[in-house]
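I opened this entry to log a helix packing and some ring pairs. The structure comes up here.

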Amino acid sequence: MKIVTLGEIMLRLTSHGYDRFVQAQTFEANYGGAEANVAATLSVWGEDARFVSKVPAHEIGQAVINTLRSVGVDTRFVLRGGERLGIYFVERGADSRASKVIYDRKNSAFSLSEAKEYDWDAIFAGADWFHVTGITPALGKNAEQLALTACQEAKKRGLTLSFDVNYRSKLWGTEQAKNVSEKLLGYTDVCIVNENQAMELFGISGENAMREFAEKYSLRCVAFTYRRTEDALHNRIWSTLYSEGKSVKSREYRMEMIDRIGGGDAFAAGLVYALGHDFELQRAADFAEAASCLKHSVPGDVCVCSLDEVLSLAEGKTLGRVSR
């Protein structure tokens, strides 16, 4: 399966250990972004994953390319140019203190790029699947048009399209997010949304919410994700999938988290992999949720857990013992 994702990849700067931003004197540096994380995870699992974006033509931009290439992502369509790479800062939470993210991404190279800069024929050549999230159109008018154009070009070529709503209140308001998301949903086959976003943006809730959501937007499959926060280090996660009149609930996991960021992207990658390989619905839900669970156990944005590890956890096998 050949998958294309499009979005912004950023420099992530994380304060050491559990230091607060005001205490930090050093930061751990790595790179990540929603769609890049999905491409990287799928590549780790052996899929042909292509990431489309724009980064500055300097050494930091090259470091981004090197990072993606190190896990096998096709970076031929990451454009070079613009003034800066977006940055986000992460402060890890502990006990009753929540984790915190601060964005510094205004006027990034990707957010200012235009749809006409991208060679869509080459980008989608031979591709089967296109994935995008609601973070991309939230970055400004150029990025909004870029996301819309990419969806149009993907559907014109018959690709399956997945859209993770991924609402970020620090980037835009609910009304704008709803309006733009509904435009993208017009091209979408598979949608991922959490229960709060479904209610807050689309006014859909209750026992039949997934069916209502699928019917309203003519979707092949809807995934609702759920998270219950016990404290900053302990969460419970599960998901439900709906397709063609059938709904299923995944396994539920309680986690002591190493890194909260990227869990949703691992779920998205898991769902793309499972549906792309024709897993039946229950197995697809369990596989995607297992991927999300395992991502929380590793630092950084990307789920670097192997395909075998995800399959084993999805099948109910305990991974806590030492593998000898």
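My notes on the model follow.

The model is predicted: local features need pLDDT of at least 70, side-chain atom pairs count only at pLDDT 80 or more, and totals for chains, interfaces and linings use all residues. Residues are numbered from 1 along each chain as its sequence is written, and side-chain values use heavy atoms, without hydrogens and water.

**Helix packing.** I looked up helix 5 (residues 174-185) and helix 6 (residues 195-202); they pack at about 100 degrees, with axes 9 Å apart. Helices here are DSSP runs (H or I, at least four residues), and strands are runs of E of at least two, numbered from the N terminus. The axes are lines fitted to C-alpha atoms over the stretch in contact, with angles from 0 to 180 degrees between N-to-C directions. That makes helix 5 roughly perpendicular to helix 6 (65 to 115 degrees). I then listed the contact (heavy atoms within 4.5 Å): helix 5 gives Thr174, Ala177, Lys178, Ser181, Glu182 and Leu185, and helix 6 gives Glu200, Leu201 and Phe202.

**Ring pairs.** I counted 15 aromatic pairs. Rings of Phe, Tyr and Trp (its six-membered ring) pair if their centres lie within 6.5 Å; planes under 30 degrees apart are stacked, over 60 edge-to-face, the rest tilted. Phe202 and Tyr217 are edge-to-face, at 5.9 Å centre to centre and 70 degrees between planes. Phe202 lies in helix 6 and Tyr217 in the loop between helix 7 (209-216) and strand 11 (221-229), so the pair ties together parts 15 residues apart in sequence. Both Phe202 and Tyr217 are buried (under 20% relative accessible area, 1.4 Å probe, protein chains only). Phe213 and Tyr217 form a tilted pair, at 5.2 Å and 55 degrees.

Conventions. Parallel < 35°, antiparallel > 145°, perpendicular 65-115°, else oblique. Buried < 20%, exposed > 50% of the residue type's maximum accessible area, 1.4 Å probe, protein only.
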